[in-house]
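Please open the model in your viewer and keep a selection tool at hand.

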Number of protein chains: 2
Amino acid sequence: MPNIEEQNLTEFLQDVKLKMANITFSKDADINEISDFLNESHGKFIRSQVIYLYGSNLGIKKERLIELAAASELIHLSTLIHDDIIDEADLRRNKPTVVKKWGSKKAILYGDYLYTKTFKTLNSIENHEIASVLIDCAEKLIEGEFIQIRANNTLMTIDYYMEVIEKKTAVLFSGILHCLGIYSKQNQENIDYLKDLGLSFGKAFQLNDDLADFNDSSSTGKAKFKDLDEGKLTFPILIVLKEMNQQEQTEFKDQINSKDFIAIKEQINERGGFKKTRAERDDAINNCIEYTSKFIKLDKLDNMKKFLRNTLLA
Amino acid sequence: MPNIEEQNLTEFLQDVKLKMANITFSKDADINEISDFLNESHGKFIRSQVIYLYGSNLGIKKERLIELAAASELIHLSTLIHDDIIDEADLRRNKPTVVKKWGSKKAILYGDYLYTKTFKTLNSIENHEIASVLIDCAEKLIEGEFIQIRANNTLMTIDYYMEVIEKKTAVLFSGILHCLGIYSKQNQENIDYLKDLGLSFGKAFQLNDDLADFNDSSSTGKAKFKDLDEGKLTFPILIVLKEMNQQEQTEFKDQINSKDFIAIKEQINERGGFKKTRAERDDAINNCIEYTSKFIKLDKLDNMKKFLRNTLLA
């Protein structure tokens, strides 16, 4: 039987989904067909979970949290739809992507539609600062994708990749926590802590996702070797590449290009790539715990630590 | 030598371009490269011209008009960039399209970037109603494009096409004039007239553009037979198709598919298609003049009529 906290979270996520369905409803049949499909294949709503757990601990009203969560999930979803066109991805969460199912024309338009609806929601939020923070996140998400398509396999380095992680994943978590700081009227020092908490959370989240690509993991809903199959150079690969000499790099890249997934995994393991990625992720998780303890009362802290570990350790 | 009015308009358009360049500036080199290219190949800024001429006659402050014009041009520009991907268009205003020059990945992202910057501008406008009106326009623009890709050549009818014209062209003009009504504090009746004026303006504008496709016209900057080449069924074609029997329709569509432009033009001419399109356009222009006379003082009316005729009669 779920405990009270879990039950409340489940109810909250249902409310967020309902809010999203209301926001995205259209009189156009094509648009609704895609919306219905997406409503049935939602992910774990990590952004909404963060908003619920931190937001309710900070004493923010539920309606505000639902609105913020719906807007954040919609920003995330819009970028996924266009990213899947750009990455030529066929599958997401074991279902066909919008571009695979409806073609790139409708996928471009549907992404634009979601984007517009998101901004409409943001415009309706009374507090202008909230909209401003989230629009800035959307801008950085796009910059991150520009960096990623510019950095093809030859150019991508670990430093470049950390910038991509920050802009494509961490910035939105940081923006969400920034908004929670605004709503709960924190002082500037605390707002800066919340923003840093979001950046660490996003970093740990992405590194954990990078690790998950090498394992069968039904809990993440991610197909094994999905990133590798799309030719993405993630942290475990880049950290290993960095310490190779020219000839080793060429051989390793050949393995990547020929999609010899088992050999790649062995190489990374032998050279300590997974260990280093886990260490980097665990550092970020520890930062999250440290920042969290500045805001969350002691009696709730264990519960929050549990959430962080459950979410960020695949 | 230009007269004072023309000089003021030219200055205003320069201010709008400067505002747009400031809004779209990015630290990302790829983004700026595309922005610079677009800044050098702007169209005639018809939306800004409408805003300047009607807005200044309604006594609205210049800064507000510049901001409104920049936001409207950016909404228009964002949709053009994604539409050109969807239409697989190679040329716009005799220059390569963004998708042709930079590929679809960067074109999708750049469109998203412009969209985000546009909403950022809208969010910074103090009057929430203005942002709300323009976001609704953006939503309808997307719905219009959905209708257009759904209605492939077999399905497109004149009624369907009028809905596309309304959503893809007229709604933004209507929204612009609605905003001018809000800024100049008009009563509801007058705001409704202004919205109708925008719808008529947009209709006349698009029908005139449809006619221009069949003529060499350096003034519109549109390549001859561009619509036909992209397989678009416009008003002159649809009005002729409507009155044909099944066999004639099949033969006419074969001519369209084989891109026999001269034969198509002859058919339309013989069957009165151009005449009917001109009549429909001229009706819309007369509506514009009638609505305009409700707002614009008699001594300025001749000037406005001149603008309407210059803009809507190619």
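Begin by colouring chain A by domain: domain 1 spans 1-126 and domain 2 spans 128-314, with bounds that come from an automatic or database domain assignment. The C-alpha centres of these two domains of chain A lie 21 Å apart.

This is a predicted model, in which local features need pLDDT of at least 70 and side-chain atom pairs count only at pLDDT 80 or more, while totals for chains, interfaces and linings use all residues. Residues are numbered from 1 along each chain as its sequence is written, and chains are lettered from A and ligands numbered from 1 in the order in which they are written.

Next, select the contact between domain 1 and domain 2 of chain A, to which domain 1 gives 30 residues and domain 2 gives 29 residues. Two residues are in contact here if their C-beta atoms, placed from the backbone, lie within 7 Å.

On the domain 1 side of this contact, display α3 (46-57), α4 (62-86) and α5 (98-124) of chain A, each of which supplies at least two residues. Helices are DSSP runs (H or I, at least four residues), numbered from the N terminus. The largest share of that side, 9 residues, comes from α4(A).
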